[in-house]
Amino acid sequence: MAADDHTRADDAQEPETQPLIGGEPENPTLAEVREHSRRKTLGIRAASAVVMIAIAAGVYFALGDTGLDLIVGVVAALCFLEFIFLVIKATANVPYRLASILAGGAYIGLAALILIDAEMQAFYIVMSVVILADTFAYVFGTLIGGPRILPKVSPNKTWAGLIGGMFGGLLAMSPLIYLTWRQGTLDSQSLTVFAIAGPVLAVLALAGDLFESWLKRKAGVKDSSRLIPGHGGFFDRFDGVIPVSILVGIVVSLSL
């Protein structure tokens, strides 16, 4: 009976929300508002991603490798422009601005050159690791939550998300492991390299993301730009690709 009394008391205290014609409650709770906003943002993000993939695929199929190089060059240029915008907002010190812009140009430009010159396998490693690491980091972080890695820099990045991202990086390597096995060249050393490379590159992608989050906090902005609906700017989307590309390029160069 006591439990029933508490239930009735709780029910009496909670105002009922009256649905409108469109299905939205007249007096939504904060949780309902956040859930609606999250679903709306996810829909916009998904639509934007589909459009970007369609454009990239169209350019690639129309121009081949030249089209792929063109895509990389355009994305790198847009990332660099957004980087300049963030640096200008982050500091009024002219020498710091100039030094940061030069360093950012080298950072982004090197990654672009590596991707343009990369073989398809290296290109696949970079893109698949970053995409799957980001996806699984979001899933693990959302479902599990828990302690934040650097709450003052990026309050949404959790240790659970990092573990999910590392799993995504490992998963990205599974097709290469399978193909190597089918070719009969998979040994314990190759398997170890693949197993380590995926999670390490995923951590590096997170580091690139955290670096950009730190720069945005210094600049006092939420996104590097609003060029991609639901995603922010190009630097927001490709901040993890840059360091991963550089490391993959270095490893490939050393192995030649």
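Me: Is Ile 55 buried or exposed?
Reply: Exposed. Ile 55 has a relative accessibility of 52%, and the cut-off for exposed is over 50%. Bear in mind that this is a predicted model.

Me: Which helix is Ile 55 in?
Reply: Ile 55 sits in helix 2, residues 30-63.

Me: How far is Ile 55 from Ile 71 in space?
Reply: Their C-alpha atoms are 9.5 Å apart. In sequence, Ile 55 and Ile 71 are 16 residues apart.

Me: Staying in helix 2, where does Ala 47 fall on the accessibility scale?
Reply: Ala 47, also in helix 2, counts as partly exposed because its relative accessibility is 44%.

Me: Let's step back. What is the secondary structure of the chain?
Reply: Nine helices and zero strands. Along the sequence the pattern reads α-α-α-α-α-α-α-α-α.

Me: How much of the chain is buried?
Reply: 31% of the 256 residues. The chain exposes about 15,900 Å². Carbon and sulfur atoms supply 68% of that area.

Me: What share of the contacts links residues 24 or more positions apart?
Reply: 69%, counting contacts with a separation of 6 or more.

Me: On to helix packing. At what angle do helix 5 and helix 9 cross?
Reply: Roughly 145 degrees. The axes of helix 5 (residues 120-144) and helix 9 (residues 241-255) come within 10 Å.

Me: Is that crossing right-handed or left-handed?
Reply: Right-handed.

Me: Which residues meet there?
Reply: Helix 5 brings Ala 122, Ile 125, Val 126, Met 127 and Val 130. Helix 9 brings Val 241, Val 244, Ser 245, Val 248 and Val 252.

Me: How many are nonpolar, polar or charged?
Reply: The contact of helix 5 with helix 9 has nine nonpolar residues, one polar and no charged.

Me: What does helix 4 pack against?
Reply: The buried residues of helix 4 pack against helix 3 (65-90), helix 5 and helix 9.

Me: Which residues of helix 4 are buried?
Reply: Ile 101, Gly 104, Ile 108, Ala 111, Ala 112, Ile 114 and Leu 115.

Me: What comes just after helix 7?
Reply: Gly 220, with a positive phi of about 75 degrees.

Me: There's a Glu 212 in helix 7. Buried or exposed?
Reply: Buried. Glu 212 has a relative accessible area of 1%, and the cut-off for buried is under 20%.

Me: What does Glu 212 touch?
Reply: Leu 86, Ser 224, Phe 235, Asp 236 and Asp 239. That leaves out residues up to four places away in sequence.

Me: Last one, Thr 180. Why does it count as buried?
Reply: Because its relative accessibility is 13%, below the 20% cut-off. Thr 180 is in helix 6, residues 159-182.

Me: And which residues does Thr 180 touch?
Reply: Thr 185, Leu 186 and Phe 194, not counting residues up to four places away in sequence.

Terms used:
Residues are numbered from 1 along each chain as its sequence is written. This is a predicted model: local features need pLDDT of at least 70, side-chain atom pairs count only at pLDDT 80 or more; totals for chains, interfaces and linings use all residues. Side-chain values use heavy atoms; hydrogens and water are left out. Helices (H or I, at least four residues) and strands (E, at least two) are DSSP runs, numbered from the N terminus. Buried means under 20% relative accessible area, exposed over 50%, partly exposed in between (1.4 Å probe, protein chains only). Contact means heavy atoms within 4.5 Å. Accessible areas come from the Shrake-Rupley method with a 1.4 Å probe; for residues, only the protein chains shown count as cover. Axes are lines fitted to C-alpha atoms, for helices over the stretch in contact, and angles run from 0 to 180 degrees between N-to-C directions. A crossing is left-handed if the near helix is turned anticlockwise from the far one by less than a right angle, and right-handed if clockwise. Ala, Val, Leu, Ile, Met, Phe, Trp, Tyr, Cys and Pro count as nonpolar, Asp, Glu, Lys and Arg as charged, and the others, Gly among them, as polar.
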